[in-house]
Amino acid sequence: MSHASHSPSATPAPESAPESTTQIVAALSLKGGVGKTSVVLGVAGAAASAGLKVLVIDLDPQANATATLNPESAQFTTSDVLYDGRPGIAADAIVPSSWEGTLDLIASEPALEHRSQSPGTGSELRLRTALDGVASNYDLVLFDCPPSLGELTRNALYAATSALVVTEPTFFAVQGAAQAIEAVQVVSEHGNPELKPAGIVVNRMRNTLEDHREHMADLQKEFGKLVLGGLPDRSAVPQAQGAQIPVQMWKSNGAADISKALGLLLNRLVGKTVVNVTTTTVNLSDSTPRTEPTEASSEKKLKKNKTKKKKASTQEIAKTVDLTNKPESLANLTPTYRFTTSEDK
Ligand SMILES: Nc1ncnc2c1ncn2[C@@H]1O[C@H](COP(=O)(O)OP(=O)(O)OP(=O)(O)O)[C@@H](O)[C@H]1O
Ligand SMILES: [Mg+2]
């Protein structure tokens with residue numbers, strides 16, 4: 001199927017084109033369900049609405065990103081691309097997503113599972129080869145990896161310029177992140193020297209929960225500045241996914257919270273201010289988003305901390321205003337990212 005009419009990849013770059021500034025980011029984790037797809041979709045939504053040309057490549061046979069980006073049709077998928085493996089062949093599999101802006105997709109399908117076993121030497125380079133001359137037509141390429149460090153994730157790491165490790169504030173976070181970072185280091189030392197760790201993002205953070213703050217502190221102790229910060233736990237994320245729209249378009253305080261954090265994450269990933277978070281209206285003193293706990297225990301703790309929370313929110317706003325526009329300061333800015341204070345106890 002040809003997509004010459006819509007795809008930026010259909011226009012060959014002029015020979016004198018400046019060196020590509022495309023960021024190719026792989027979102028990975030060893031553990032399932034921590035939010036890789038949500039982070040990819042969230043960052044993609046932020047980037048596309050800011051006018052960037054974005055390509056999402058779904059490397060997970062579960063095809064969750066594909067389902068949410070909802071392309072009209074996808075005759076060729078990542079499975080076909082990896083099977084074929086010819087230089088530049090990925091262009092043939094690009095389809096427009098149903099989201100606004102230039103947000104293209106290479107869809108996945110369950111058959112991709114067959115590509116999760118290494119067919120032999122050099123198999124980890126198939127995606128990189130297939131993307132030859134394709135990725136540079138976009139500002140941002142995002143790989144949504146499956147929950148393992150196997151062949152599909154390895155293909156992503158060999159094709160990427162940076163790797164974003166996604167984790168949750170749980171007991172296993174440090175161990176899981178360490179394994180993912182190690183996998184990134186191995187690939188950057190053996191085969192893809194362009195690959196850098198973009199950092200670790202801690203998804204589904206709830207600052208009101210002491211154990212979340214503790215796990216965040218553990219991660220910081222272990223990984224220092226590699227920990228970019230937290231993304232808040234907001235029910236707007238699954239709600240927007242269910243509606244197959246970017247979370248940036250969902251109307252709730254929770255959606256505004258997470259959109260802001262995702263904007264900051266995007267700025268960090270591309271190394272410049274693409275989304276100006278000062279223009280995002282976030283009412284952090286409104287408790288609405290925080291009355292959407294996912295666990296009964298969170299509910300209890302939330303009630304207990306109700307008065308204290310209001311004070312905390314004011315502090316969070318102050319931090320937000322102070323650090324806005326510094327793409328490097330996601331860690332300090334994200335409203336979810338706050339360490340234990342006497343007010344939390
Ligand atoms: N910040 C968030 N707040 C609330 N819910 C979230 C958040 N991030 C992810 N979720 C929800 O958690 C579930 C798992 O997220 P997601 O599918 O993104 O994880 P994943 O790491 O891609 O999973 P898998 O490993 O199976 O691919 C989804 O239902 C998603 O909507
Ligand atoms: Mg996923």
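**Close-up views of a predicted model**

**View 1. Ile57 sits across from Ile106 of strand S4.** This is a predicted model, so to speak of local features we ask for pLDDT of at least 70, side-chain atom pairs count only at pLDDT 80 or more, and totals for chains, interfaces and linings use all residues. Residues are numbered from 1 along each chain as its sequence is written, while chains are lettered from A and ligands numbered from 1 in the order in which they are written. Strand S2 (residues 54-58) runs parallel to S4, and four bridges join them. Strands here are DSSP runs of E with at least two residues, helices are runs of H or I with at least four, and both are numbered from the N terminus. Two strands pair if DSSP finds at least two bridges between them.

**View 2. Strand S3 (residues 94-96) pairs with S4 in the antiparallel sense.** Three bridges hold this pairing, and Ile94 stands opposite Ile106. The two strands make a hairpin with six residues between them. Look in the turn for Gly101, which has a positive phi of about 85°.

**View 3. Strand S4 (residues 103-106) has buried residues pointing both ways.** Leu103 and Leu105 point one way, Asp104 and Ile106 the other. Buried means 20 or more other C-beta atoms within 10 Å of the residue's own, with C-beta atoms placed from the backbone. Across the protein, 52% of the 345 residues are buried.

**View 4. Helix H6 (residues 173-189) crosses helix H7 (residues 210-223) at roughly 35°.** Their axes come within 9 Å; these are lines fitted to C-alpha atoms over the stretch in contact, and angles run from 0 to 180 degrees between N-to-C directions. The crossing is right-handed, that is, the near helix is turned clockwise from the far one by less than a right angle. Ala173, Val174 and Ala177 in H6 meet His215, Asp218, Leu219, Glu222 and Phe223 in H7. These contact residues split into five nonpolar, one polar and two charged. A contact takes C-beta atoms, placed from the backbone, within 7 Å. Nonpolar covers Ala, Val, Leu, Ile, Met, Phe, Trp, Tyr, Cys and Pro, charged covers Asp, Glu, Lys and Arg, and the others, Gly among them, are polar.

**View 5. Ligand 1 has 22 residues around it.** A residue joins this shell if its C-beta atom, placed from the backbone, lies within 6 Å. Gly32, Thr37, Ser38, Pro147 and Pro238 come nearest. Helix H1 (36-49), strand S7 (196-205) and helix H8 (236-242) each supply at least two shell residues. By class, the shell has six nonpolar, 11 polar and five charged residues.

How values were computed:
Contact = placed C-beta atoms within 7 Å. Buried ≥ 20, exposed ≤ 12 C-beta atoms within 10 Å, placed from the backbone.
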